[in-house]
Amino acid sequence: MTRARGADRRASIVRAAFEVIAERGYRGTSLAAVADRVGLTQQGLMHYFPTKEDLLTAVLETRDEWDLLHFGHAPPGDESAMTVNQLAELVDYNATRPGIVQTYTVLSADSVTEDHPAREYFHDRYERVRAGMTQMLERHRDELPSGATPEQLAPIAIAVLDGLQLQWLLDPEQVDMSAGFRTFLTLLGIKPD
């Protein structure tokens with residue numbers, strides 16, 4: 001098998017894993033179900049991803065890579081460099097990919113259990129995102145509500161983003177994720193371009 005065909009096969013397996021995880025959650029996902037989705041045997045899939053944890057890691061890394069490709073200027077992996085406008089663009093972008101948002105939401109919720117293989121990933125990611133959000137809000141300190149610090153508002157802003165995603169997934173006709181986030185920024189006193 002050529003290297004390109006192998007990379008294509010890995011990519012199709014990861015896409016299938018996104019779908020299955022979004023439908024069943026991580027614990028309800030099996031290598032056999034993902035293999036079936038792409039027309040492989042479980043042994044054939046294990047040639048590319050020997051364990052379910054390896055596949056989960058690839059799913060999370062791929063999601064981050066897709067964001068990097070879309071945001072060449074200040075990727076979500078470098079939240080400290082992200083501007084308010086870029087964050088609003090990310091919310092808009094996420095509204096175009098419900099399957100990815102659903103998978104991320106399911107995995108982040110699943111990861112709160114002690115033995116979940118993505119627990120460390122999400123712990124570290126939220127720590128990094130809070131730090132980046134704090135730095136982003138620091139650049140708007142003069143616009144923030146009186147007495148509120150960027151450090152206090154950063155976890156609240158992230159909770160708003162995650163909450164809007166969840167509500168949008170449940171009722172996309174009633175919840176406009178993009179408009180909701182921009183309204184939140186206005187409540188903070190920040191006016192995105």
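1. Let's start with a term you will need throughout: a residue is called buried when its relative accessible area is under 20%, exposed when that area is over 50%, and partly exposed in between, using a 1.4 Å probe and protein chains only. Arg-125 sits in helix α7. Its side chain makes a polar contact with the side chain of Tyr-104, at 3.1 Å. (A polar contact is a pair of N or O atoms within 3.5 Å; within protein, one must be able to donate a hydrogen and the other to accept it, and residues adjacent in sequence count only if both atoms are side-chain atoms.)

2. A word on what you are looking at. This is a predicted model, in which local features need pLDDT of at least 70 and side-chain atom pairs count only at pLDDT 80 or more, while totals for chains, interfaces and linings use all residues. Residues are numbered from 1 along each chain as its sequence is written, and side-chain values use heavy atoms, with hydrogens and water left out.

3. Now the overall picture. The chain has nine helices and zero strands, where helices (H or I, at least four residues) and strands (E, at least two) are DSSP runs numbered from the N terminus. The C-alpha atoms fill a box of roughly 60 × 35 × 30 Å along the principal axes. Of the 193 residues, 42% count as buried. The chain exposes about 10,300 Å², and carbon and sulfur atoms supply 53% of that area; the areas come from the Shrake-Rupley method with a 1.4 Å probe, and for residues only the protein chains shown count as cover.

4. How do parts of the chain that lie apart in sequence meet? Among contacts between residues at least 6 apart in sequence, 63% join residues at least 24 apart. Contact here means heavy atoms within 4.5 Å.

5. (The expected span is 1.5 Å times one less than the number of residues.) At the start of α9, a side-chain oxygen of Asp-176 comes to within 3.1 Å of the backbone nitrogen of Ser-178. After the helix comes Gly-189, whose phi is positive, near 95°.

6. Which residues of α9 are buried? They are Met-177, Ser-178, Phe-181, Phe-184, Leu-185 and Leu-188. These residues cover an arc of only 125° around the axis, so they lie on the same side of α9; the arc is that of the directions from the helix axis to the C-beta atoms. Their cover includes α5 (84–94), α7 (119–138) and α8 (150–170).

7. On to charged pairs. The structure holds six salt bridges, a salt bridge being a side-chain nitrogen of Lys or Arg within 4 Å of a carboxyl oxygen of Asp or Glu. One of them joins the side chains of Arg-37 and Glu-19, at 3.1 Å from N to O. Arg-37 lies in helix α2 (residues 31–38) and Glu-19 in helix α1 (residues 3–24), so the pair ties together parts that are 18 residues apart in sequence. Arg-37 is partly exposed at 35% relative accessibility, and Glu-19 is partly exposed at 40%.

8. Glu-138 pairs with Arg-141, the closest N and O atoms being 2.8 Å apart. Glu-138 is partly exposed, with a relative accessible area of 35%. Salt bridges that share partners also join Glu-19, Glu-23 and Arg-37 into one network. Arg-119 forms a salt bridge with Glu-114, with the closest N and O atoms 3.5 Å apart. Arg-119 is partly exposed at 32%, whereas Glu-114 is exposed at 66%.

9. Arg-24 belongs to helix α1 and is partly exposed at 46% relative accessibility. Leaving aside neighbours within four places in sequence, Arg-24 is in contact with Thr-29 and Ala-33. Arg-24 and Val-106 are 82 residues apart in sequence, yet 8.8 Å apart in space, C-alpha to C-alpha. Gly-28 is found in the loop between α1 and α2, and is partly exposed at 38%. The C-alpha atoms of Gly-28 and Ala-16, twelve residues apart along the chain, are separated by 14 Å.
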